[in-house]
Amino acid sequence: MPWIHFHAGNNGYVKACCVANINYGNINNQSLEKIWNGEPINNLREKFKKGIPDNRCSVCINREKAGAKSIRLETHEKFPNININQIQAPIYFDIRFSNVCNFKCRTCWHGASSKWFDDAKKLGRNVSDKAIINNINDFNDFIEKTGEALLKAKEIYFAGGEPLVTEEHYLLLEYLLKHNATNIHLRYNTNFSKLIFKKWNIIELWSRFKHVEIMASVDDSHINGQMIRDGFSWELFLKNREGIKKLKNIVFKVSPTISVYNIKQLPAFYLLLLELDIITPENFYINILERPYHFNIKILSEEKKRKIKENYHVFIQSTIDLPQAIINSFMDIVSFMNEENLHQKYWTKFKKEDNLISEFQTKRNY
């Protein structure tokens, strides 16, 4: 990834990826060239060339140790024939323009959702004195610095915040279309709640690109899905899914974040998505939550873990024609869950946090 990947995140800091706190520089006050050829990124490249892991890559290291697939391994699969000696600029961009979001998910935080601001202030966890945190200060300056590389990119990944309610995301799509850069693989992590934003119709824009991959961040159906992701509507999700079925250039996946809130219901949720023709059998992308640790599935009691493991085995054995990739994903969850016992350390904190968030949510709904 240090040879192909460019992740612009909180406050413009360019980091190794979206989970490792390895800072290369800041796109708001440095050029892409200076960052891409700078000492921090070159030091990491030299380390990796020698096969030396970096402790700041603990998320991938821990997942692989637990037998689960990591971002590192996924990136190797996605870009299998890359000659790192021939890469002059990033070909895989991960763009987070801001924390603007219209949802407030239980397992999220203020840095990734502007909607979290009020509750974060009550909990003393706001990371700014304003709800909205702009990562890219000046869109035109960003394009001036990165535009040439963006037009030659193989993939651009949009996350947030929520990209479908972020104005700069649409401005970037218009920039790509203006320069006929329509062969780029567009990939989204989105709550999929807005198909029209201000003057833009995202269906019309997507229809002009060769390949669009949507990973809808939906953790469960109906009431539980709405409890986990404050702002989510199951009915609206179904309506929006139906609205894009006519676009044959779109691969649609559901990408639940696996936490204590949905691990038990996951097999039933997967089967419901198939029954309603929301996804094809292989298009279920598992994202196992690492932090906050008090929502991590490793905090479950040994008895609950045992029952979940048994239920997953029954699900795998009883489901006809279950793709091997899906079987692997469910087994990855079990391996990750059982890799460490954090029940004693975090269960009390989970109950406290869960009660607080439920109280905030009840007051708003009231």
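**Close-up views of a predicted model**

**View 1. Asn11 lies in the loop between strand E1 (5-8) and strand E2 (13-15).** The model shown here, as in every view below, is predicted. Asn11 has a positive phi of about 60°. Yet Asn11 is not a glycine. Most residues other than glycine have a negative phi. Is Asn11 buried, partly exposed or exposed? Its relative accessibility is 42%, so Asn11 counts as partly exposed.

**View 2. Asp277 sits in the loop between H11 and E14.** Here too phi is positive in a residue other than glycine: for Asp277 the value is near 60°. Asp277 has a relative accessible area of 48% and is therefore partly exposed.

**View 3. The peptide bond from Gly160 to Gly161 is cis.** Its omega is near 15°. Where is Gly161? Look in the loop between strand E6 (155-158) and helix H7 (167-178). Most peptide bonds are trans.

**View 4. A cis peptide bond runs from Arg291 to Pro292.** Omega is near 0° for this bond. Pro292 belongs to the loop between E14 and H12.

**View 5. Helix H11 (residues 266-275) crosses helix H13 (residues 324-338).** Two packed helices are described by the angle between their axes and the distance between the axes. The axes of H11 and H13 come within 12 Å. They cross at roughly 155°. How do H11 and H13 run, roughly parallel or roughly antiparallel to each other? An angle over 145 degrees counts as roughly antiparallel, so H11 and H13 are roughly antiparallel. The crossing of H11 past H13 is right-handed.

**View 6. Side by side, H11 and H13 meet through named residues.** From H11 come Leu266, Pro267 and Tyr270. From H13 come Ile326, Phe330 and Ile333. What kinds of residue make up the contact of H11 with H13: nonpolar, polar or charged? The count is 6 nonpolar, no polar and no charged.

**View 7. Helix H13 has 15 residues.** How far apart should its ends be? At 1.5 Å a residue, H13 should span 21 Å. The expected span is 1.5 Å times one less than the number of residues. The end C-alpha atoms of H13 are 21 Å apart, so the model agrees.

**View 8. H13 has a set of buried residues.** They are Ile326, Ile327, Ser329, Phe330, Asp332, Ile333, Val334, Phe336 and Met337. An α-helix has 3.6 residues a turn, so residues three or four places apart point the same way. Which elements do the buried residues of H13 pack against? Their partners are helix H3 (58-65), strand E13 (257-258), H11, strand E14 (287-288) and helix H12 (302-318).

**View 9. Lys69 occupies the loop between H3 and helix H4 (71-78).** Lys69 counts as partly exposed because its relative accessibility is 36%. Which residues does Lys69 touch, leaving aside its neighbours within four places in sequence? The contacts of Lys69 are Arg63, Glu74, Glu77 and Asp332. Asp332 is also among the buried residues of H13. Now find Asn328, 259 residues from Lys69 along the chain. The C-alpha atoms of Lys69 and Asn328 are separated by 9.0 Å.

**View 10. Leu356 is part of helix H14 (residues 343-365).** With 23% relative accessibility, Leu356 counts as partly exposed. Leu356 and Val127 are 229 residues apart in sequence. In space, C-alpha to C-alpha, Leu356 and Val127 are 19 Å apart.

Note on methods:
Residues numbered from 1 in each chain as written. Predicted model: local features only at pLDDT ≥ 70, side-chain atom pairs only at ≥ 80, totals over all residues. Heavy atoms only, no water. Axes fitted to C-alpha atoms, helices over the stretch in contact; angles between N-to-C directions. Helix = DSSP H or I, 4+ residues; strand = E, 2+ residues; numbered from the N terminus. Parallel < 35°, antiparallel > 145°, perpendicular 65-115°, else oblique. Left-handed = near helix turned anticlockwise from the far one by under 90°. Contact = heavy atoms within 4.5 Å. Nonpolar A, V, L, I, M, F, W, Y, C, P; charged D, E, K, R; others polar. Buried < 20%, exposed > 50% of the residue type's maximum accessible area, 1.4 Å probe, protein only.
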